[in-house]
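Here is a short report for a reader meeting this structure for the first time. Look at the model, then read on.

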Amino acid sequence: MSEKELGQKWDRCLADCAVKIGTGLGVGIVFSVVFFKRRTLPITFCTGLGLGMAYSNCQNDFKSHYVLHSTIAK
């Protein structure tokens with residue numbers, strides 16, 4: 001794996017992590033305000049779910065040997 005490919009994988013991983021943690025945080029805040037009387041448990045739980053999904057995606061991305069992102073085979 002070249003240094004350029006590794007850098008691209010890290011960029012995708014960090015961007016995916018930011019999106020998933022931000023989404024989990026937002027969903028947790030909404031659930032906290034609407035359903036759980038402003039407790040922090042839903043915020044922590046949903047943020048943790050986002051972090052776990054991002055970690056799993058990064059692991060799979062780094063273990064893959066082939067780059068199949070946005071290419072269409074004809």
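Asp61 counts as buried, at 12% relative accessibility. The model is a predicted one. Asp61 forms a salt bridge with Arg12, and the closest N and O atoms are 3.4 Å apart. This pair links distant parts of the chain: Asp61 sits in helix 2 (residues 41-63), Arg12 in helix 1, and 49 residues separate them. Arg12 counts as partly exposed, with 31% relative accessibility.

**The overall picture**

The protein has 2 helices and 0 strands. It has 74 residues, and 16% of them count as buried. Take the contacts between residues at least 6 apart in sequence: 55% of these join residues at least 24 apart. The protein exposes about 6100 Å², and carbon and sulfur atoms supply 67% of that area.

**Around Asp16**

The structure holds 2 salt bridges. Besides the bridge from Asp61 to Arg12, there is one between Lys20 and Asp16, with the closest N and O atoms 2.9 Å apart. Lys20 and Asp16 are 4 residues apart in helix 1, so about one helical turn separates them.

Asp16 is found in helix 1 (residues 3-34). Is Asp16 buried or exposed? Asp16 counts as buried because its relative accessible area is 19%, and the cut-off for buried is under 20%. Lys20 is partly exposed, at 22%.

Leaving aside neighbours within four places in sequence, Asp16 is in contact with Ala54 and Asn57. With Asn57 there is a polar contact, side chain to side chain, at 3.2 Å.

| Residue | Relative accessibility | Class |
|---|---|---|
| Asp61 | 12% | buried |
| Arg12 | 31% | partly exposed |
| Lys20 | 22% | partly exposed |
| Asp16 | 19% | buried |

**A nonpolar patch**

Leu25, Val27, Ile29, Val30, Phe31, Val33, Val34, Phe35 and Phe36 form a nonpolar patch on the surface. Together they have about 790 Å² of accessible area. Val27 lies in helix 1 and counts as partly exposed, at 35% relative accessibility.

The structure holds 2 aromatic pairs. In the pair of Phe31 and Phe35, the ring centres are 5.4 Å apart and the planes stand at 40 degrees, so the pair is tilted. Phe31 is partly exposed, at 36% relative accessibility. Phe35 counts as exposed, at 59%.

Key. Residues are numbered from 1 along each chain as its sequence is written. This is a predicted model: local features need pLDDT of at least 70, side-chain atom pairs count only at pLDDT 80 or more; totals for chains, interfaces and linings use all residues. Side-chain values use heavy atoms; hydrogens and water are left out. Buried means under 20% relative accessible area, exposed over 50%, partly exposed in between (1.4 Å probe, protein chains only). Contact means heavy atoms within 4.5 Å. Accessible areas come from the Shrake-Rupley method with a 1.4 Å probe; for residues, only the protein chains shown count as cover. A polar contact is a pair of N or O atoms within 3.5 Å; within protein, one must be able to donate a hydrogen and the other to accept it, and residues adjacent in sequence count only if both atoms are side-chain atoms. Rings of Phe, Tyr and Trp (its six-membered ring) pair if their centres lie within 6.5 Å; planes under 30 degrees apart count as stacked, over 60 as edge-to-face and the rest as tilted. Patches are made of residues with over 30% relative accessible area and no salt bridge: like charges are joined within 9 Å, nonpolar side chains (Val, Leu, Ile, Met, Phe, Trp, Tyr) within 5 Å. A salt bridge is a side-chain nitrogen of Lys or Arg within 4 Å of a carboxyl oxygen of Asp or Glu.
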